[in-house]
Amino acid sequence: MVTRTAAAAALVTRTAAAAALVTCAALLAATGCSSNFDSGKDKEQDKAEKQKLTVLIATSGDAETQAVKAAAASYAEKSGNTVTVEVAKDMNQQLAQSFAGHKPPDVFYVNSDQFANYSKGGSLYAYGDQISDASDFSEQLLSSFSYGGKQVCLPKDTSTLGLAINSELWKKAGLTEKDYPKSWKELQSVADKLTANGVTGLVTSDEYQRLGVFMKQAGGWLTDADQKKMTADTPENAEGLAFVQSMLKSGSMKFAKQVDTSWGGEALGKGKAAMTIEGNWLDGGMKLDYPDVKYAVAPLPAGPKGEGTLAFSTCWGVAADSTHQAASVDLVKHLTSADQQLAFADAFGVMPSRTSALKTYAEKTPQAKAWVDGSAYAQGPVTIAGFDKVLSQFNTDLQSLRTADPKKILADLQRNGEQAIAKGN
């Protein structure tokens, strides 16, 4: 699970397809097999004055769905084009099948873990050079959606991780805002104090998309900055995982499933966790499911090498096989405008990916300060073709971190990652 949106989109039934199509779709998702391997030429573009566009999204719920449909309707009224928004039941599978069948949607969400697969396969139309104000997006976000020296697509929003605190449980333990932990030692101390009477001090997900913050705070990460070399098997990363392991062994930290919850937000809302590590999508989840639970968000405590958090994003992809590329890029410009990003933020809690809009969002949403401030030092995702499988195995290994050898987990990650880099770049 990367975000609550991704988790919601994954809980679906799958659509049957012809055997050959499924085979190619599987290859596309796993290795980036080309969506236009047998065409040998670019799609002839529709020259009609008014065009019909299709948009495919994954969604966190009705609020997001309605917000995107409203934005599409606004663009349609302005441009004269027709835009149909469809909600995916299984985003990755539906995209892979549509690419393989040469009938993709014109515009669609692209998760960072699949971006390199689709780019390597030639399924995405690189439109970044047509965005005159691309500098309004941070370099970190743009690099997450660059491939082969080209800016392929624009990030639709951004998210970072912070330390969410159940205000009532915090107060009951005799703690105040001055006690918000600023270091690992302080985090361990308050987690120990908060662990009692069925409450665990810190609860989060058993995946690198949360636990990776400790690796970053210790001065490590999975790859080098250029994503050309694995840097997983290092003393810094081992120190980060060893700290998590020590908290798990003490009982002051547990994974969400250990307290019979599906994610940190549920544990926080049900009072089973005094603290959790989650992103700004938590705001929407708490308002929907636990509106009476008061909580605050603080920056994640710094580690031996300083502050560290993770950044997440999704981009607006345009299909290489689309016959409406010019109109699709025009639609993306509308969807990523500052005004529209702020409207999305109001509607379903995402943070704008434009720097100018993020500044406005921060002024309007002071409770999100920790998440916004984290954007300045957040670590972006690994975007290497085929690396999604490496990360899936890493997450499986992290589930047993309490009793496993962190160095062995990292050695396996190093080996698997080196193989993916050799194939993916």
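**View 1. Helix α9 is followed by Gly-219, whose phi is positive, near 95°.** This is a predicted model: local features need pLDDT of at least 70, side-chain atom pairs count only at pLDDT 80 or more, and totals for chains, interfaces and linings use all residues. Residues are numbered from 1 along each chain as its sequence is written, and side-chain values use heavy atoms, leaving out hydrogens and water. Helices (H or I, at least four residues) and strands (E, at least two) are DSSP runs, numbered from the N terminus. Helix α9 spans residues 208-217 and is mostly covered, with nine of its ten residues buried. Buried means under 20% relative accessible area, exposed over 50%, partly exposed in between (1.4 Å probe, protein chains only). Among the buried residues of α9 are Tyr-208, Arg-210, Phe-214 and Gln-217.

**View 2. The whole chain holds 18 helices and 14 strands.** Of its 425 residues, 55% count as buried. Contact means heavy atoms within 4.5 Å. Among contacts between residues at least 6 apart in sequence, 77% join residues at least 24 apart.

**View 3. The largest nonpolar core has 70 residues.** Such a core is a set of buried Ala, Val, Leu, Ile, Met, Phe, Trp, Tyr and Cys residues joined through side-chain atoms within 4.5 Å. Leu-222, Met-275 and Phe-387 have the most contacts inside it. Helix α10 (residues 235-250) gives the most to this core, with six residues. A second, separate core of 45 residues includes Ala-71, Ala-76, Val-85 and Phe-145.

**View 4. Phe-387 has contacts beyond its neighbours within four places in sequence.** These partners are Leu-222, Met-230, Val-382, Gly-417 and Ala-420.

**View 5. Helix α3 (residues 62-79) packs against helix α14 (residues 338-348).** The angle is about 155°, and the axes lie 9 Å apart. Axes are lines fitted to C-alpha atoms, for helices over the stretch in contact, and angles run from 0 to 180 degrees between N-to-C directions. That angle makes α3 roughly antiparallel to α14 (over 145 degrees; under 35 is roughly parallel, 65 to 115 roughly perpendicular, the rest oblique). From α3, the contact is made by Ala-63, Glu-64, Ala-67, Val-68 and Ala-71. From α14 come Gln-340, Phe-344, Ala-347 and Phe-348.

**View 6. Over residues 1-40 the pLDDT is below 50.** pLDDT is the predictor's confidence in each residue, from 0 to 100. Beyond near neighbours in sequence, this stretch has 82 contacts in the model. Where pLDDT is low, the predicted coordinates should not be read in detail. The chain mean is 90, and 90% of its residues reach 70 or more.
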